[in-house]
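User: Could you walk me through reading some features of a structure? I'd like the general idea each time, then the case at hand.

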Amino acid sequence: MKIFKYPTLKETLYYEEMKNGLKVYLLPKVGFSKTYGLFSTRFGSIDTTFVPLHESEMIKVPDGIAHFLEHKMFEMENGDASDAFARLGANTNAFTSSSRTAYLFSTTSHEKECIELLLDFVQDIYLTDENVEKEKGIINQEIRMYDDDPDWRCYFGSIQNLYQLHPVKIDIAGTVETVASIDKDTLEKCYHTFYHPSNMMLFVVGNIDPQQTMQLIRGNQENKHFEKENPIQREVVNEPLEVAQNDAILYMDVTMPKIIVSLKINDILQVPQERLKRELGMNLLLDIFFAKSSSLYEKWLTDELINDSFSAQFTQERDYCFLQIGGDTLYPDKLKDKIYDFVRHIHDYSISKDDFERLKKKTMGILISVFNSPEAIANMFSRYYFEGVMIFELIDCLNGLTLDDLNQLKDLFDIQYISSFTVLPQNQSQK
Amino acid sequence: MENVYQMSGYTLHLIPTQKFKTMTISLRLQSPLSKETTTMRTLLTFVMMAATQDYPSTKSLARYLDENYGASLSTHITTKGKSHVINVTTSFVNDAYLPTKENLLEKQLQLLSDLFYRPLIVDNGFDETIVQLKKKELKEKLQANKDDKFSYSLDKLFEYMGRDQVLGIPSTGYENEIQKITPQQLYQYMKKCIVEDEKHIYVVGDIPENIVDIFQRLLQFPEQYYDYPSAYIFQSPRHELLEVIEKQDITQSKLNLGYQIQCDFTSPQHYAFTVFNAIFGGFSQSRLFQVVREKHSLCYYISSSYDAFNGMMIVNAGIEQKDYQKTLDLIHQQLSDLQNGNVREEEMKIAKMMLTNALKKTNDEASSMIALAYNRDITHVRETSEEYIEKLMNVTLGEIVDVAKKVKLDTIYFLTGKEFHENI
């Protein structure tokens, strides 16, 4: 077991790789009642074309299968994993993102039993044709719930605008049609390929003793047999540079219009530290130009173009990268023009030393606050882990950023790769 | 454990702990919830946060907070039964984690005081431009809330069920009353709050020894104390069930049910009802989730919630329009099953464990520690978490059946698609 100490944050991290390849990280938190375990695999909604375990040809699986599998993992031969956690007084849940699936529990008692249960239910699969069929009705309602959510439609629509081929353009849950085509065999293929211990990571934070906990996990893993796995081959997407669609409008039964301008970034970095530097730098840059403390925000607010819902965010995942800027507005066209103008002339907007230093302080405060919450630590840890970065590196990376680094990031704002997605009230379609 | 001090015009509650890297200060201002003041009060929470004399714009105030290592400052308005409560909360990093000593506690407390005593005032009213902007922001926020069909349909349930009663008064005000409020009226209203609102302040974090002196020096309110009513038992003037069906162009229908329960936060049956709700629909192991979702695949979400301050219960679910009657039947069946005493020993045990787990978790989050303490403080329920857990554990099957028998469906609000026909 390796021990990493982080004196400025007053945290200690324990790490060990199990013989079967599973990576385990433990972060004890003194004074907390809660223990939170997060078991993640590098398998998300974008992993739809790959070579299955012990096969040699690429296959294409239905969209939404990672999320479907997440729902079905709770089914165990002798009952439901949520019921088993409940008998221990614990809660359990799971979520699927574009690039990973994560299972979690949170508890204030029976920590050891919960950790073993988490490992056991995820490391075994029990599917029947009937239980697969039954899940379809539930997932369809989940999909339809998002259909009526204007914020989600606008957010997701602005991503769909950008990509011609990349599967990030497909909803994490898939569609009612793709869900209908999912069956037991394909689910099992995905499971055996992506739920191998060497593709997974367990993070436990909270009221735990690191030595005893690691020993417990070691024992649990040594009792299980996994076939040897070679590195997983995923299809490399040859996404064209151009956006799929420049502008899109969706009419819904709503009163408040909204717009998101999205910008595709085609230059994808490979080295984890460079990616982290870009992410922190870009977030600072967006804060400097678009946060409440910025002059643009103040101007657009007084011109009644934006309100509190306005935001700018940067997304960088495995092999794609984009920006989104927008929010609720009575004047989506005007706001769009302003944002496009900004992107066109970004090199004319200078960054002052004061703004730069001030927002570094703000970001540092926010990063420190993350360590208040076991859930927040676990989620952030696992997100960065799969990016090849330890969260404790974030503050050092932030401190190392220079004004020059930020100025260079301006080059990524390329007006050629911009698009807009607008949600309008239905009655405006008659105009 | 919590330490309490009577200060000038407010009660100071200290909750010392070293487990957080930040300190949280939350001021709660309580006044009766009324139709006449709900819009004014909501607008105030937007305007008072926008500027002070030292930081006369959203931009300059935001810059000051950035400088203080991203300290937060926010207002939030909510109802607690018959009370309307404004929360003003700030949290900031503990100096121990910063490269230099920043005195953030004193800086943020001074800012809190400035919101009330050094606001940006022109001609005896709040700054006209700021008020105009904030009116627009509030209006747009209310509109955006309506566009979220989940919260819209829940608001509608309260509106119909609570017609002419406090339950029907929206905590965030009426859209059509925003415009007529003047900057002068709003400022007068804030001055009234300074005198007439009952105030509690909670501090959670690594609290310095001289904290009481710091508060005494930096924050005082007029020495007035009030005891406003909060928790109550909802009673309906109607005897028959009210069923409201609204059609919009949507794909998933939202089913919302409101029940009378004859119990609230201060009732002796509060503990039994809490356990009943956990068995009926509070968790994913509960009846509603297990039967309506897991067994019949009719929905993705369904749950019941016990509103202990309005003394009522809600059930909500997102379903297909064709499943309206079927879902209702299943919900009714589960309720009558519990009323008939069909509760398994294990169900009761799991419900109690889940509730205990949920309560213990509140101790790991500053905001939920404060929320829990405040609920007890305004209802004068003197009880530690250990005592609360013990009371839950002692709830018997007989008590659960007793509270279940008093549950009566009062209002159905169903938001559905344009093609819905009632008699299918």
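This is a predicted model: local features need pLDDT of at least 70, side-chain atom pairs count only at pLDDT 80 or more; totals for chains, interfaces and linings use all residues.

User: How many residues of chain A are in contact with chain B?

Analyst: Two residues are in contact if their C-beta atoms, placed from the backbone, lie within 7 Å. By that rule, 55 residues of chain A are in contact with 51 residues of chain B. Helices H2 (81–87), H4 (129–147), H10 (295–302) and H12 (353–370) of chain A each give two or more residues to chain A's side; helices (H or I, at least four residues) and strands (E, at least two) are DSSP runs, numbered from the N terminus. H12(A) gives the most, with 10 residues.

User: What spans H12(A), and what do its buried residues pack against?

Analyst: The expected span of a helix is 1.5 Å times one less than its number of residues. The 18 residues of H12(A) should therefore span 26 Å, and the end C-alpha atoms are 26 Å apart, which agrees. A residue is buried if 20 or more other C-beta atoms lie within 10 Å of its own, exposed if 12 or fewer, and partly exposed in between, with C-beta atoms placed from the backbone. Among the buried residues of H12(A) are A:Arg358, A:Leu359 and A:Ile368. The buried residues pack against H9 (272–290) and H14 (393–400) of chain A, together with S3, H2 (58–67) and S5 of chain B.

User: Where are the domains of chain B?

Analyst: Domain bounds come from an automatic or database domain assignment. For chain B, that assignment gives domain 1 (3–218) and domain 2 (242–416). Their C-alpha centres lie 30 Å apart, and the contact takes 23 residues from domain 1 and 22 residues from domain 2 of chain B. On the domain 1 side, H5(B) gives the most, with 8 residues.

User: Is A:Arg100 buried or exposed?

Analyst: A:Arg100 counts as buried because it has 25 C-beta neighbours inside 10 Å. A:Arg100 sits in the loop between S9 (91–96) and S10 (101–107) of chain A. Leaving aside neighbours within four places in sequence, the contacts of A:Arg100 include A:Phe43 and A:Phe386.

Definitions and conventions: Residues are numbered from 1 along each chain as its sequence is written. Chains are lettered from A and ligands numbered from 1 in the order in which they are written.
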